[in-house]
Amino acid sequence: MFPGVSFQDEFDIAVKLMQEKYFIINRNGKVFILHEDEKTGLVYTEVQSFKVFYQFLSFETYNGSKKQRIHVSDAFLNSSDTVRLSALIFDPKLKPGITEDRKYYNVWKGWKYQPVEGDVSKFLELLDINCNGDETVKKYFLDYLTHSLIYPEKLPMTSIVIKGEQGT
């Protein structure tokens, strides 16, 4: 396809490009191809659908005098260099993406916004209204929010429900 590039080099490049974008993951005993789309997030594709999608990406070679077609998706699936993940994790202490041991994919992306100093009086006013002026409830609510910011990896055992009239 490319002048001066051997069939094997082209094939290896195609497999490498696939390995940079896709991973194999075992999810509840079922195997998927995983990749991250910048607009839609994590995308799971069934193996057969992945193979069909990339069936056009193949090379012809000869095994002796017999011509055969090799699909890049098959080489990707069979390569020992392809990352095989055991699970997704959420761990703010680790870097986002594939962990160093290549077993997990960390979905933690870090904080989208950095804290800035400013006037929070409007927020506290709203909180006071939602808590009916009850300082104990207000403290609980603030502690709840603070905990989620300091320990994002620890799921709370409770949730806060704010109820109001319909349309308010």
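These legends describe close-up views of one predicted model. Residues are numbered from 1 along each chain as its sequence is written, and side-chain values use heavy atoms, with hydrogens and water left out. Because the model is predicted, local features need pLDDT of at least 70 and side-chain atom pairs count only at pLDDT 80 or more, whereas totals for chains, interfaces and linings use all residues.

**View 1. Helix H4 packs against helix H5.**
Two packed helices are described by the angle between their axes and the distance between the axes. Helix H4 covers residues 121–130 and helix H5 covers residues 135–150, and the two pack at an angle of about 125° with their axes 9 Å apart. Here helices (H or I, at least four residues) and strands (E, at least two) are DSSP runs, numbered from the N terminus, while axes are lines fitted to C-alpha atoms, for helices over the stretch in contact, and angles run from 0 to 180 degrees between N-to-C directions. The angle makes H4 oblique to H5, since angles under 35 degrees count as roughly parallel, over 145 as roughly antiparallel, 65 to 115 as roughly perpendicular and the rest as oblique. The crossing of H4 and H5 is right-handed; a crossing has this name if the near helix is turned clockwise from the far one by less than a right angle, and is left-handed if anticlockwise. On the H4 side the contact (heavy atoms within 4.5 Å) is made by Phe123, Leu124, Leu127 and Asp128, and on the H5 side by Glu135, Lys138, Phe141, Leu142 and Leu145. Sorted by class, the contact of H4 with H5 has six nonpolar, no polar and three charged residues, where Ala, Val, Leu, Ile, Met, Phe, Trp, Tyr, Cys and Pro count as nonpolar, Asp, Glu, Lys and Arg as charged, and the others, Gly among them, as polar.

**View 2. The rings of Phe11 and Phe59 form an edge-to-face pair.**
The structure holds 13 aromatic pairs, and rings of Phe, Tyr and Trp (its six-membered ring) pair if their centres lie within 6.5 Å, with planes under 30 degrees apart counted as stacked, over 60 as edge-to-face and the rest as tilted. The ring centres of Phe11 and Phe59 are 5.4 Å apart and their planes stand at 80°, so this pair is edge-to-face. Because Phe11 lies in helix H1 (residues 7–21) and Phe59 in strand E4 (residues 58–63), the pair ties together parts that are 48 residues apart in sequence. Phe11 counts as buried at 9% relative accessibility, and Phe59 is buried with a relative accessible area of 8%; buried means under 20% relative accessible area, exposed over 50% and partly exposed in between (1.4 Å probe, protein chains only).

**View 3. The rings of Phe90 and Trp108 also form an edge-to-face pair.**
With ring centres 5.3 Å apart and planes at 90°, Phe90 and Trp108 are an edge-to-face pair. Phe90 is in the loop between strand E7 (87–89) and strand E8 (97–98), and Trp108 is in the loop between strand E9 (104–106) and H4, so that the pair links distant parts of the chain, 18 residues apart. Phe90 counts as partly exposed at 40% relative accessibility, whereas Trp108 is buried, with a relative accessible area of 11%.

**View 4. Several aromatic residues form one cluster.**
The members of this aromatic cluster are Tyr22, Phe50, Phe53, Tyr54, Phe56 and Phe76.

**View 5. Lys30 lies in strand E2.**
Strand E2 covers residues 30–37, and Lys30 is partly exposed, with a relative accessible area of 41%. Lys30 touches Ile25 and Glu46, when residues up to four places away in sequence are not counted. From C-alpha to C-alpha, Lys30 and Glu46 are 8.8 Å apart in space, and they are 16 residues apart in sequence.

**View 6. Asn28 has a positive phi value.**
Phi of Asn28 is near 55°, a positive value in a residue other than glycine. Asn28 lies in the loop between strand E1 (23–27) and E2, and Asn28 is exposed, with a relative accessible area of 80%.

**View 7. Val83 is in contact with Arg102, among other residues.**
Val83 is found in the loop between helix H3 (72–78) and strand E6 (84–85), and Val83 is buried, with a relative accessible area of 8%. Leaving aside neighbours within four places in sequence, Val83 is in contact with Phe23, Ile24, Ile98 and Arg102. Arg102 lies in the loop between E8 and E9 and is partly exposed, with a relative accessible area of 39%.
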